[in-house]
Amino acid sequence: MCIGVTWVYFNADSGRENFFEIFEKKMNAKRIQLKESGRGLAVSWALCAVCLVGHLSHFFGAKASWIHAMHSTGFHMTLSLFTLLVPGRQLIIDGLKSLIKGSPNMNTLVGLGALSSFAVSSMAALIPKLGWKTFFEEPVMLIAFVLLGRNLEQRAKIKATSDMTGLLNVLPSKARLVVSSDSGESSSTVEVPSNSLSVGDQIIVLPGDRVPADGIVRAGRSTIDESSFTGEPLPVTKLPGAEVAAGSINLNGTLTVEVRRPGGETAIGDIVRLVEEAQSREAPVQRLADKVAGHFTYGVMTLSTATFMFWNLFGARILPSTLYHGSVVSLALQLSCTVLVIACPCALGLATPTAVMVGTSLGATKGLLLRGGSVLERFSTVNTVVFDKTGTLTIGRPTVTKVVSQGQGYQEDPDARQDSTSPCQWSEVDILKFAAGVESNTNHPIGKAIVEAARTANSPKLKVIHAKCSF
């Protein structure tokens, strides 16, 4: 039974596509989608600007013939039709398909609002006897604002994904692979891409390098900075047989590491994968919005019809004829189209998923993994956080809190304190100056803390010269 389970495990692992390649494909697809959205947004807002120029020119009484042409009904009809066929085509098609399938969404309301406004205005323009008012600018501006919201949403998602990319950037792109000769008596190292490493490969990790893959130490002794994973500020000593994680920093010794997980399948990759899965989980309020969307769309369509019936039957009794220019039907159609236009639930449809994605991504970059929007939403009710006794609450790096010399209580000979030339009378700045000079070129967390303390105390920089002595 154990053999069978083991075989299935390795078979599944070997067939798994490299996570970094999948992640890069997703990023490229999102960038392409953002470029297409940007082009549609630019076109729609250019058309919207032309439409506004025509109205403003009429408002200020410009007399130029070309300005008069921009304000003509035929010109605005052409602008509106071009908006529906080019930048707004995908929105309208998606909305109509969803309506036909019986699951209307936000695009359905956008499509119905734009098409109904264009249809009513076209009838008014083509049949002047009706006496209806045209409002071709409504589809143009509606599509422009909806595309602006979609573009901002996509940019937020790209930014959130880029935040996760920063987690992957800690992995080195190259690894020093140990290659044995044919006779097996000697070996050498060759640089290979970290993603190409396989289980069983042996790699060399030099001082100051980041470990390129998860594995087990086979030779050497060193200290490893694992603060990016564990939050522990102090390095951990690694001996043969100890496990090391990709992305951790080798501080002082040379290690030979046997790869235990193939390139691309690392602990950091698991973290990013968990964050991606969390972002795909819907928050309760988002599920509510999706559940209500279909009924909401039908409700808005019903309300739009009721609006038309009300103003068509009672509009003449409520408003003076000067406000609707003698055509109650035109007023009723315009108001019913307006109901479709303004009823789009953009706050739930756009803002909620974007907020969940950005929140989970920012949490991951701060070391906080949130398993979905439901957890993020429940955080609003949290008033107490409890940590177990093994939890470590640090800033992830050591800091110098106090400098103590022997002259401040650790000197065994009391007469030495009276000696003004004794080294024990050095000031705190002097001690930091010498200590920082020694530690200035180290990657050790404690050494970095000493250098930072000296910089904070405005200690003068001291250059240390290393010399070899022979006796």
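**Figure 1. Strand β5 and its partners β6 and β8 in the predicted model.** Strand β5 (residues 222-225) pairs with strand β6 (residues 236-238) in the antiparallel sense, over three bridges. Within this pairing, threonine 223 has threonine 237 of β6 as its bridge partner. Strand β8 (residues 249-250) is also antiparallel to β5 and is joined to β5 by two bridges.

**Figure 2. The open sheet of six strands.** The strands follow the order β2-β1-β3-β9-β4-β7, and their pairing is antiparallel. The edges are formed by β2 (187-193) and β7 (243-244); each has a single partner strand, so one side of each lacks a neighbour in the sheet. In the pairing of β7 with strand β4 (residues 215-219), two bridges join the antiparallel strands. Glycine 215 stands opposite valine 244 of β7.

**Figure 3. The nonpolar surface patch with residues from helix α4.** The patch consists of Val43, Leu81, Phe82, Leu85 and Val86, which together have about 400 Å² of accessible area. Helix α4 (residues 73-85) supplies the largest share of the patch, three residues. Phenylalanine 82, a member of the patch, is placed in helix α4. The relative accessible area of phenylalanine 82 is 41%, so this residue is classed as partly exposed, a class that lies between the limits of 20% and 50%.

**Figure 4. Valine 53 of helix α2 and histidine 71.** Valine 53 is located in helix α2 (residues 19-59). With a relative accessible area of 41%, valine 53 is partly exposed. Valine 53 and histidine 71 are separated by 18 residues in sequence, and their C-alpha atoms are 8.3 Å apart in space.

**Figure 5. Helix α15 and its buried face.** Helix α15 (residues 428-439) contains 12 residues, which at 1.5 Å a residue should span 16 Å. The buried residues of α15 are Leu432, Lys433, Ala436 and Gly437. Viewed down the axis of α15, the buried residues fall within an arc of 130 degrees and therefore line one face of the helix.

Methods: Residues numbered from 1 in each chain as written. Predicted model: local features only at pLDDT ≥ 70, side-chain atom pairs only at ≥ 80, totals over all residues. Heavy atoms only, no water. Patch = residues over 30% accessible without salt bridge, like charges linked within 9 Å, V, L, I, M, F, W, Y side chains within 5 Å. Areas by Shrake-Rupley, 256 points an atom, 1.4 Å probe, with all protein chains shown as cover. Salt bridge = Lys/Arg side-chain N within 4 Å of Asp/Glu carboxyl O. Helix = DSSP H or I, 4+ residues; strand = E, 2+ residues; numbered from the N terminus. Buried < 20%, exposed > 50% of the residue type's maximum accessible area, 1.4 Å probe, protein only. Pairing = 2+ DSSP bridges. Expected span 1.5 Å × (residues − 1). Arc of directions from axis to C-beta.
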